[in-house]
Amino acid sequence: MATTASTAAHTSLASVTLEVADPEAARLFYSAFGVDTYIRLRASEAHSTGFRGFTLALTVSGPATVDGFVGAAVDAGATVLKPAAKSLWGYGGVVQAPDGTIWKIATSARKDTGPATREIDEIVLLLGVEDVKATKQLYAGRGLTVAKSFGGKYVEFASGQSSPVKLALYKRRALAKDLGVPADGTGSHRIVLGSTADTFTDPDGFVWEAAAPLAPTRS
């Protein structure tokens, strides 16, 4: 896809919008979960089955904070896909919101060094794609800055000023395996990425729409 120099210089992730069947119910869930300031919601009845090809991952300070977020999500109606547990890289769990969005909550710490908090250190939107290298080249050509790249397995883009959410790419099947779900899925991803430039759709069907930056609401 051809990209002009001006487009490449200004494209960045401005916002993340989840398409849900019941926006009011979703608002209540995400407020209770504690991530409502990071995302936008809009009504959609788009067809979608199976894995939607992405996850939103929260990085927090310690295991107790992971447990707190998982507990808040479950209390608000989420389903546990992977119970929080220790692993080689730290501690984490995976839940699925009532609207179908999958969330991963994790920490690199295996022990708590303080009390649980409701603070989020980082939130990353992981897109599961078939060809990580090709999608990286597409996004880099549109102006996104590559911060980390591990061949054809994982790519992370630098955070911009427009969105509190960082963008990363992962192999679709590897992402599904990490989340504990089958990789197969059809229909809409039920997510829209806000672009500071033009509207386009990437090879995996993820839609970018021209959008105003997400206004900061956190104190």
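Guide: The side chains of Lys104 and Asp178 make a polar contact at 2.7 Å. A polar contact is a pair of N or O atoms within 3.5 Å; within protein, one must be able to donate a hydrogen and the other to accept it, and residues adjacent in sequence count only if both atoms are side-chain atoms. This is a predicted model, in which local features need pLDDT of at least 70 and side-chain atom pairs count only at pLDDT 80 or more, while totals for chains, interfaces and linings use all residues. Residues are numbered from 1 along each chain as its sequence is written, and side-chain values use heavy atoms, with hydrogens and water left out.

Visitor: Where is the place of Lys104, and is Lys104 buried or exposed?

Guide: Lys104 belongs to strand β7, residues 102–107; helices (H or I, at least four residues) and strands (E, at least two) are DSSP runs, numbered from the N terminus. For accessibility, buried means under 20% relative accessible area, exposed over 50%, and partly exposed in between (1.4 Å probe, protein chains only). Lys104 counts as buried because its relative accessibility is 15%.

Visitor: Which residues is Lys104 in contact with, leaving aside its neighbours within four places in sequence?

Guide: Contact means heavy atoms within 4.5 Å. With those neighbours left aside, Lys104 is in contact with Thr55, Leu56, Ala57, Leu58, Trp89, Gly93, Val94, Asp178 and Leu179.

Visitor: With which side chain does the side chain of Ser15 make a polar contact?

Guide: The partner is the side chain of Arg40, at 3.3 Å. Ser15 lies in strand β1, residues 13–20, and is buried because its relative accessible area is 1%.

Visitor: What is the phi of Arg190?

Guide: Arg190 has a positive phi of about 65°, although it is not a glycine. This residue is placed in the loop between β12 (185–187) and β13 (191–195), and it counts as buried because its relative accessibility is 9%.

Visitor: Which residues does Ala85 touch, not counting residues up to four places away in sequence?

Guide: Those residues are Gly90, Tyr91 and Gly92. Ala85 itself is found in strand β5, residues 79–87, and at 37% relative accessibility it counts as partly exposed. Ala85 and Asp184 are 99 residues apart in sequence, and their C-alpha atoms are 25 Å apart in space.

Visitor: How many helices and strands does the protein have, and how is its overall form read?

Guide: The protein has 5 helices and 15 strands. The radius of gyration is taken over C-alpha atoms, and the globule rule is 2.2 Å times the number of residues to the power 0.38. With 219 residues, a compact globule would have a radius near 17 Å, and the protein agrees, at 17 Å. Buried residues make up 46% of the 219 residues. Of the contacts between residues at least 6 apart in sequence, 66% join residues at least 24 apart.
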